[in-house]
Amino acid sequence: MTLSSRALYRVAAVTAILAAAWIFVPRFGTESNLINLLRQAFLLALVATGVSLTMLVAGLDLSIGAVAALSSCLAATVIVQGHVALGVLVGLAVGALGGLLNGVMIAKLKLPFFIMTFSMMFIVRGLALTYTQGTSIHGFPQSFTWLGKSFVGPVPMPVVLGGAVLGLLYLVLTKTTFGRITYAVGANAEAARFSGLAADRNLIRVYALSGLLASLSGLIYIARLNAADADLGMMWPLEGIAVAVIGGIAFSGGEGNILGLILGGIVMAVVGNCVNLLGLPARFQDFFIGFVIILVVLVDHLTQKRGKVAKSLAVHSHSVAKEGGP
Amino acid sequence: MARLVSRITPLLSGPVVITLVMIALFSLLSEGFFSPSNAVNIIRQASVLALVSFGQTFVILLAGIDLSVGAVMGLTSCVTAQLMLAGHVHPAVAALFGIATAAVCGLLNGMVHSFLGLNPFVPTFGMWGMALGAALIITEERVITGFPSSLRFLHDGEFLGLPAPLFLVAAVFLLLHLFLRATPAGVATYAIGGNEAAARLSGIRVRLHKTAIYAFSGFMAGIAGILFLARSNAAQAIDTIGYEFDSIAAVVVGGTSLMGGKGGVAQTLVGVALIATLRNGLNMVGVNLYLQLVFIGLGLILAYVSESRSLLPFLRLRRAKEA
């Protein structure tokens, strides 16, 4: 996959936003602020991976936050007893299982993704709250908090982990059969089915993967916060959608580059960061993010449209030129 | 008798049966559930969701979605409360201004969606952020209280011994039901949702119609926001967040298809009744707040499954025989 003009436009737009913030917002360019920003951006991108994968197959996973909460609370119980590896495994397994359940119900029982993942959000959040009874679990060993708190050189660990996960997903989506089927199913599920692709199995795998990624994000979050509670990730579905949309993942499915999430994460983090640095009340963030979402997608949409028209005109004039001449 | 049965059975869709079963179950499990006073309670609780879900129904009939309604409801109640408190505006005028704000939000959604061709998720989600942000900014993230309580009768009032919101919801429902069934614009709504290209070719002004419907959804969110304000007697930006998803769930559980062109406000009314009965019943039975969430999730799935593939093979069989 080459870097398309749309991807270039996105990179340019994000660079422009960064440059504007650097020039106009005091203390934006300091090393500690940039490191914070980068960490926030990659955490957001990581949170958005599940939402994005399901958007690629023309669905949506609204249960990611709840699944992250349940899996990380269960994992936390094991981890505080000192079994770090086992705890992480438990967390990931619970996440994958939740996602698998979503996938099976959607692919096999033909429940609309909205009803299934929305209901799942209630069920799993309820289970998490029942399990913790509203208390938080803390006091993790350093061998676990390392996941969220340590640095590799100057780079925070969540950035390294997020980057690795996104890179891996990019390879899986572009180089493997699974990835190609994912895009094909998202573009046209019916056509994919008719051409003999295992669309149902693909859907199940995508939702399972979304659950797995949600629990992974949850684990990194609790490692960073050094505490786990059932309220984790309340806003994740909405934040994930925002990051994905800004990152160029299409709601209609079958379109979008997973690496775009890094751009989406950066934009969201920059908006939050600038609102903070400018001393504006935190909630100006929502207003600006809403605005930025519409703006980014709109400009993208309009440039794409013009590109299409120009292309078809070019083709047209080309064919005229070929046939033409007295 | 057989005739009566054949008249009634089509009305017994999955969600209706589930609601009836739940009512029976909760009545057995809790003493206070099956009582006039609790029925009034349920109606009061359901009225806000019903109003906002009616608007959402229209949008979903177009195969669209409106993610902004929860935040727009919050904006409406915050604008209205601030106008009354800080601006000393007459409550009725303040409420009208709040509803107009909501309608403008919906209008913007519709214009960006239908004239610029963006997937409705994007403008309505962007509007969610902007409306929430605007509401938080005008309230400075505080809870607004202490304004005149003259709007409260909308929620607390009684007429002929029945709660006021019942009349509001019933009137709106009848109007909308007739609109969808008996007016060209109503039929056009189904036509656009069923097949947009075909609707355009048959001369329906699709863009205009869609814009109007998103504006209408905003308008209904505004009315719901005012009723919510009348109930809580306090305005807070984030109080109504969640209604976007609740309303979509009510519409879909009732039996309106997310693919558009199929369903209606009657189905939505059933969906709202189901959700309100479930919530109230779980409370009355004394199910722990946390576990309630689990049951609501399971209930939604069950209700949808019952709607899409009939749980009534027996009744279906009977109808087939008669036919």
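Predicted model: local features only at pLDDT ≥ 70, side-chain atom pairs only at ≥ 80, totals over all residues.
## A walk through a two-chain model

Asp231(A) sits in the loop of chain A that runs between strand S4 (227-228) and helix H11 (236-246). Follow the chain and Thr135(A) is 96 residues away from Asp231(A), yet the two C-alpha atoms are separated by 9.7 Å.

Two other loop residues in chain A are worth a look for their backbone angles. Lys110(A) is not a glycine, but its phi is positive, at about 60 degrees. You'll find Lys110(A) in the loop between helix H4 (84-107) and helix H5 (113-132) of chain A. Is Lys110(A) buried or exposed? Lys110(A) counts as exposed, because it has 12 C-beta neighbours inside 10 Å, and the cut-off for exposed is 12 or fewer. Gln133(A) is another non-glycine with a positive phi, this time of about 55 degrees. The loop that holds Gln133(A) lies between H5 and strand S1 (137-138) of chain A. Gln133(A) has 9 C-beta neighbours inside 10 Å, so it counts as exposed too.

Now step back to chain A as a whole. Its secondary structure comes to 13 helices and 4 strands. Taken along the principal axes, the C-alpha atoms of chain A fill a box of roughly 85 × 55 × 35 Å. Buried residues make up 52% of chain A. As for contacts in chain A with a separation of 6 or more, 77% of them are between residues 24 or more positions apart.

Helix H2 (residues 31-56) and helix H7 (residues 157-175), both of chain A, pack at an angle of about 40 degrees, and their axes are 9 Å apart. The crossing of H2(A) past H7(A) is left-handed. On the H2(A) side, the residues that meet H7(A) are Leu38(A), Arg39(A), Phe42(A), Leu43(A), Ala45(A), Leu46(A) and Thr49(A). Their partners in H7(A) are Pro158(A), Val159(A), Gly162(A), Gly163(A), Val165(A), Leu166(A) and Leu169(A). Sorted by class, this contact of H2(A) with H7(A) has 10 nonpolar, 3 polar and 1 charged residues.

On to chain B, which has 15 helices and 2 strands. Its C-alpha trace spans about 65 × 55 × 40 Å along the principal axes. A compact globule of 323 residues would have a radius of gyration near 20 Å, and chain B has 20 Å, so the two agree. Of the residues of chain B, 51% count as buried. If you take the contacts in chain B between residues at least 6 apart in sequence, 79% join residues at least 24 apart.

Leu162(B) is partly exposed, because 14 other C-beta atoms lie within 10 Å. Leu162(B) and Ala134(B) are 28 residues apart in sequence, and 36 Å apart in space, C-alpha to C-alpha.

Where do the two chains meet? The contact takes 37 residues from chain B and 32 residues from chain A. On the side of chain B that touches chain A, the elements giving two or more residues are helix H5 (91-116), helix H6 (121-139), helix H12 (243-254) and helix H14 (289-308). H6(B) gives the largest share of that side, 14 residues. By class, the side of chain B that touches chain A divides into 28 nonpolar, 7 polar and 2 charged residues.

Finish with the interior. In soluble globular proteins, nonpolar side chains tend to be buried together. Here the largest nonpolar core has 212 residues, and those with the most contacts inside it are Ile293(A) and Ala131(B). Helix H10 (residues 199-225) of chain A brings the largest share of this core, 16 residues. Which residues does Ala131(B) touch, leaving out those up to four places away in sequence? They are Ser68(B), Ala71(B), Val72(B), Leu75(B) and Cys105(B).

How values were computed:
Residues numbered from 1 in each chain as written. Chains lettered and ligands numbered in written order. Core = buried A, V, L, I, M, F, W, Y, C linked by C-beta atoms within 7 Å. Buried ≥ 20, exposed ≤ 12 C-beta atoms within 10 Å, placed from the backbone. Contact = placed C-beta atoms within 7 Å. Axes fitted to C-alpha atoms, helices over the stretch in contact; angles between N-to-C directions. Left-handed = near helix turned anticlockwise from the far one by under 90°. Nonpolar A, V, L, I, M, F, W, Y, C, P; charged D, E, K, R; others polar. Rg over C-alpha atoms; globule rule 2.2 N^0.38 Å.
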